Every structure is written in C-alpha cells, then in structure tokens.
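Look at the chain below, first as a sequence and then as a fold. The paragraphs after it go through some of its side-chain contacts one group at a time.

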Amino acid sequence: MKQLKGTLAGHNIGIMYWIHFFGAISFLAPVLTLFYTERGLTASQILIVLMFWSGAVLIGEVPTGIFADRFGAKVSFLTGTILKMISLVILLFAYEPWMFFLYSFVNGLSVTFFSGADEALIYDSLKESGHENQMDQAMGHIQAAGFISMIFAVLFGAYFAKDLQNEQFILLIIMGLLFYLVELFLVLKVKQPTQLTSYRENPFTQVKSGMKVIKDAPQLLMMFLNVSLVFIPAGVVYEYFDQPLMLEAGLPVYLIGIMYAIASLIGYVASNSIGWLTRTFSRILLMNITGALAVVGLLLSALVSHSLLVILGAFLLLRFVKAVRYPIYSQLSNDLIPSNVRATTLSLLSIIDSVLDLVVFGAISIVAISGYNNVLIGSAIIVLIGTLLPIRKVEKDIVIESAEQPSI
C-alpha cells in the first residue's frame, strides 16, 4: 500500500489497521466456549447466545447504517466501541444464562456501528484518492492486523487460563477492556471523505435508495447469500465448537492457544497475499475454491473427529478460507454500490445475514443435542448450498447510474 502514502486513503487505512489490531484482541477467544461451559451453559444455550447476537444485528443494522451515512464513520465507530466495552463489563458478571444473552445482544449491537461503515469509509477514501480498485488489498491489509494481535492474545489467553479457573477468566476480560480503551482513542484519528460530509438525506430516502441498489443488481444479493451461507456455518458456528473438538481429540488446553496463533499467522499471510491471489486467479474462482474447501474441512471434522491431526488440519483450513473470502467479497460488492448510501446498503444486506444467522443457529441448536458431529455435518450441507449459488461479475457503472438517478 506504499503508493497510497500521503493520501486520505493511506491515512484511514493506517488508522483502521491499528483500530482493528486493538479491537480484534480477545484474550478469552481460545477458551471462550470452555468459559461458557465452566459457567454452566449447555451447547444449545451457547447457540442461543449466538442467536441473541444475530437478533441484535438484525435490529440494529439499518438504523446504524443510516447513522453512519448521516454522521460519519468516526461517530459510528465511537458509539460501537463504547457499546463493546459495556458488553464486556456485563460478561464479567455473567453467571446466569440471561446475562450471557444480554452480553451477546449488546455486543452484537456494537458490531453494527462498524458493519458497513468501515467498508464505506475505506472504499470512499480510496475513491477520493483514485485507487478504488485496491479495495480487496486494503481490506486484506486491515484484516491482517487482527491476525497479528490475535497471535499474542490467544497464546497468552490459553496459557493463562489453562486451569479454567474463574479468576483467570476475569483477568482476561479486564485486559480486553484495557485494549479497547486504546481502540477508542484511535477512532478519534479517523478522517471522513469530503464527498460524504454534507450528506443529510431523509433516512427513509436512504433506505429506499439502498433497496434500489440491491434491486438493480440482483447479483449483489446472490453474492451476499453465497458468502453468508459459507461464513455462518464454517466461521461462526465452527468457531464455537473447535475448542471441544480439539480437547476431545486429545489436545491440552494450553496448546489450543498455539493452534489459534498458527491459524492467525496463516490468516495474516493469506490476507497480505490477496493482491497476489487476485492477480493470479480470478476472484470468482477463488470464491468457488474456498467454498469447496470449507465443505471438506467441516466433513473431515465430523467424520474423522477421533484423529487429532485431521481435526487440527481442518481447523487451519477453515481459518484460511475465512481469511481469503471476505476481502475478495468486499471488492466485488463495493464495486456495485454508490457512495452516498454505501453503509445503508451494506446494512440492508446484513439484515439478510442476520435472518440467515437465526435460521442456521436455530436449526443447528436442535441437532446439537445429539452431538458435535451432527452439527458439523449440518454445517457442511449449508456451506455446500451457499457455494453452489452462482457468482458473476456485473458492470458497476450500470448499477451506480441507476441508483443515483433522481426519482420522478
């Protein structure tokens, strides 16, 4: 990203890199599911925790997308970071299921203040600097920051909480709060692209314009469904069961942190290689290949769960898939969305994602009663459906002109 030095895009990408570095830190991540079970949650209740998170996203996506389009990314990020800190305080004192549900809801709501707004900020900063074709590389670079910070966080978290004692969990949560304070100060350095600073459309007009973008480019919706139906089972659901899978296959708790660190290193390398990957292979081909790899990883985890090597291999494979798909999707989707309603449009799409979350989590919570294997097989089937949804590139100029055409 050296060619962006001194530009608005270069500044915001640099700031977002460090915001993501500190914001992605979770010392509790390598033992989160074990933390839940130690405090009394069952597998089904853990999935209900996820459903509360998705419910918050469903409720908050459009209002926060409008909020970001009207008041700018900086204000949106500040609000989201404060809510994220509040959610951790709730988690600190959570011992009853309803407190975990409340924590998850507030945490999910905090994410919506970043969802869409971060992509909108970066794409419009690149556009103002004349480099919008580098969106996937920019998002890969920013995403890589989270992998670097997580290498240290998961190593420390897994080793420190190896005895699964309550005092250990509490200290890890408090440490996370301190790092989020740093994130809060970094958000103040974000600069808003000039083309959006005076936008004050009626909120309903914003939503209507966002819906028109999706209507005029149905391939945008198809692409989003492809990404979501792969990410939800292979990313979100799997990450809540990989810890018990590794434990049952014979891996000690403190080594889980090492596996998370290796996965973060793989994610870092993959994220920083997005530019090379997209120059070597078409973006659509990469989306199809990574979707197929996700199916393989889930099926291997389900059918050969007794083999530690297979479980660890599948775990690393799925983390690689997650690292590669999002930046590529970000480029393909943002090419189709006009600047003035970018955050709102992305939020409208995220509503669909939240509905899919609730459906997938609800269905899988039923089969979770009969064991992890059925959860993984069900997840593999959903990922296969998502991967089979066709993706094709659409000429963005047609969509943008249509979306920005004045109403008669």
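Does glutamate 239 count as buried or as partly exposed? At 22% relative accessibility, glutamate 239 counts as partly exposed. Here buried means under 20% relative accessible area, exposed means over 50%, and partly exposed lies in between, with a 1.4 Å probe and protein chains only. The model is predicted, so local features need pLDDT of at least 70 and side-chain atom pairs count only at pLDDT 80 or more, whereas totals for chains, interfaces and linings use all residues. Residues are numbered from 1 along each chain as its sequence is written, and side-chain values use heavy atoms, with hydrogens and water left out.

Glutamate 239 is also a place to begin with charges. A salt bridge is a side-chain nitrogen of Lys or Arg within 4 Å of a carboxyl oxygen of Asp or Glu. By this rule the count comes to four salt bridges. In one of them, glutamate 239 meets lysine 322, with the closest N and O atoms 2.6 Å apart. Because glutamate 239 lies in helix 10 and lysine 322 in helix 15, this pair ties together parts that are 83 residues apart in sequence. Helices are DSSP runs of H or I with at least four residues, numbered from the N terminus. Lysine 322 is partly exposed, at a relative accessible area of 32%.

The side chain of glutamate 239 also forms a salt bridge with that of arginine 319, at 3.8 Å from N to O. This pair again links distant parts of the chain: arginine 319 is in helix 15 (residues 308-334), glutamate 239 is in helix 10 (residues 218-239), and they are 80 residues apart. Arginine 319 is buried, with a relative accessible area of 15%. Together, Glu239, Asp242, Arg319 and Lys322 are linked in a network of salt bridges.

A charge sits over a ring if NZ of Lys or CZ of Arg is within 6 Å of the ring centre and within 35 degrees of the ring normal. The charged end of lysine 84 is placed over the ring of tyrosine 180 in this way, 4.3 Å from its centre.

Lysine 84 takes part in a salt bridge too, where its side chain meets that of glutamate 183 (2.9 Å, N to O). Glutamate 183 is in helix 8 and lysine 84 in helix 4 (residues 73-92), 99 residues apart. Glutamate 183 is buried, at 2% relative accessible area, and lysine 84 is buried, at 12%.

Next come the aromatic rings. Rings of Phe, Tyr and Trp (its six-membered ring) pair if their centres lie within 6.5 Å; planes under 30 degrees apart count as stacked, over 60 as edge-to-face and the rest as tilted. A search of the whole structure finds 18 aromatic pairs. One of these, phenylalanine 77 with phenylalanine 114, is stacked, with 4.9 Å from centre to centre and 5° between the planes. Phenylalanine 77 lies in helix 4 and phenylalanine 114 in the loop between helix 5 (97-112) and helix 6 (117-128), so the pair ties together parts 37 residues apart in sequence. Phenylalanine 77 counts as buried at 0% relative accessibility, and phenylalanine 114 counts as buried at 14%.

Definitions and conventions
Helices (H or I, at least four residues) and strands (E, at least two) are DSSP runs, numbered from the N terminus.
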